Amino acid sequence: MSRSQGPSSLKRKRPDSSSGGALIEHEKVLYDLICSKQSMGIWIGDIKRETKYADSIVTKSLKALQAKGMIKLVEHYQNKGKKFYLSKDFEPSKELTGGNWYSEGKLDREYINTLKGFCGRMIQKMKVATIEGIVDSFKKSGASKVDLSREQIQEIVNALVLDNEVMEVKSTGSGEFDFIPIGKICYKCYAKGGVKGEPKTGAMASIPCGVCPRISHCTPNGVISPRTCVYYTKWLDF
């Protein structure tokens, strides 16, 4: 299966003799029903329920349509025993195939690891990165043969965080974060010299602003402020 997800629908062709012969009534009803489901396809149980045809008629008609090359079978990536019928003019949806992370119905670990490795190196090069910056750099790099969405790239970044390859922090608005709004989630690699999965210890690594849940409300002269923050004061005295 190609990872590229084509348009959810293509121009539907009118069945004729070039498709293997004219359709009889039952075949035409089933073909029209299958086409109406477009890229989502339809399970044989639902075909029987919607047409109310006998099992033998449904089975015979589906075999005839397959023999004429007008429909195809696609396995659901989460349920191999459940197959869906699609018109040959439609590509299966990601709900059926699992999307870009799956190939032939199996989780494509090699592809995912390749993207994780590239994304990790990119964050390391950027020092500190927001998800917007990562997405922009990712798309410009052409690292993936298919166009990944922001949500998919976020999934890759989240996997790196869970694997302790990068850390998720909140911007303090100063120092290395001076170009990022205060409180915005961003990502950076662990400091050299620290054990993988553990940030390098020390005063800078323990700055309370990075984990403060109220950082987005913190302003120099506001109710929540570095001037009145007991945790920030303790850190300065460290």
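How many helices and how many strands make up the secondary structure of this protein? The protein has eight helices and eight strands. Helices here are DSSP runs of H or I with at least four residues, strands are runs of E with at least two, and both are numbered from the N terminus.

The model is predicted, so to speak of local features requires a pLDDT of at least 70, side-chain atom pairs count only at pLDDT 80 or more, and totals for chains, interfaces and linings use all residues. Residues are numbered from 1 along each chain as its sequence is written, and side-chain values use heavy atoms, with hydrogens and water left out.

I begin with the chain as a whole. Of the 238 residues in the protein, 36% are buried. Buried means a relative accessible area under 20%, exposed means over 50%, and partly exposed lies in between, with a 1.4 Å probe and protein chains only. As for contacts, meaning heavy atoms within 4.5 Å, residues 24 or more positions apart account for 53% of those with a separation of 6 or more.

I turn now to a sheet. Three strands form an open sheet in the order β6-β8-β7, with antiparallel pairing. In general, strands of a sheet pair through backbone hydrogen bonds, either parallel or antiparallel. Two strands are taken as paired if DSSP finds at least two bridges between them. The edge strands, each pairing on one side only, are β6 at 128–129 and β7 at 166–170. Strand β8, residues 185–189, pairs with β7 over five bridges in the antiparallel sense. Within that pairing, M167 has K188 of β8 as its bridge partner, and K170 stands opposite I185 in β8. On the other pairing, β6 and β8 are antiparallel over two bridges, and V128 stands opposite K188.

Is β8 largely enclosed or open to the outside? Four of its five residues are buried, so β8 is largely enclosed by the rest of the structure.

Next, the cores. A nonpolar core is a set of buried Ala, Val, Leu, Ile, Met, Phe, Trp, Tyr and Cys residues joined through side-chain atoms within 4.5 Å. The largest such core has 20 residues, and those with the most contacts inside it are C119, I123, I134, F138, L148 and I153. Two or more residues each come from α5, α6, α7 (150–162) and β8. Helix α5 gives the largest share, six residues. Another core, of 15 residues, lies apart from it and includes L30, I34, V58 and L62.

Which aromatic rings pair? Rings of Phe, Tyr and Trp (its six-membered ring) pair if their centres lie within 6.5 Å; planes under 30 degrees apart count as stacked, over 60 as edge-to-face and the rest as tilted. By this rule there is one aromatic pair. The ring centres of F118 and F138 are 5.5 Å apart and the planes stand at 80°, so the pair is edge-to-face. Because F118 lies in helix α5 (residues 109–126) and F138 in helix α6 (residues 131–141), the pair ties together parts that are 20 residues apart in sequence. F118 is partly exposed, at a relative accessible area of 23%, whereas F138 is buried at 4%.

Helix α6 also holds G133, a partly exposed residue with a relative accessible area of 21%. G133 and C186 are 53 residues apart in sequence, with their C-alpha atoms 9.5 Å apart in space.

A further ring involves a charge. K82 lies over the face of W43, at 4.5 Å from the ring centre. The rule for a charge over a ring is that NZ of Lys or CZ of Arg is within 6 Å of the ring centre and within 35 degrees of the ring normal.

K52, found in the loop between α2 (44–51) and α3 (55–67), has a positive phi of about 60° although it is not a glycine. K52 is exposed, at 70% relative accessibility. In the loop between α5 and β6 we find K127, whose phi is near 70°, again a positive value in a residue other than glycine. K127 is exposed as well, with a relative accessible area of 59%.
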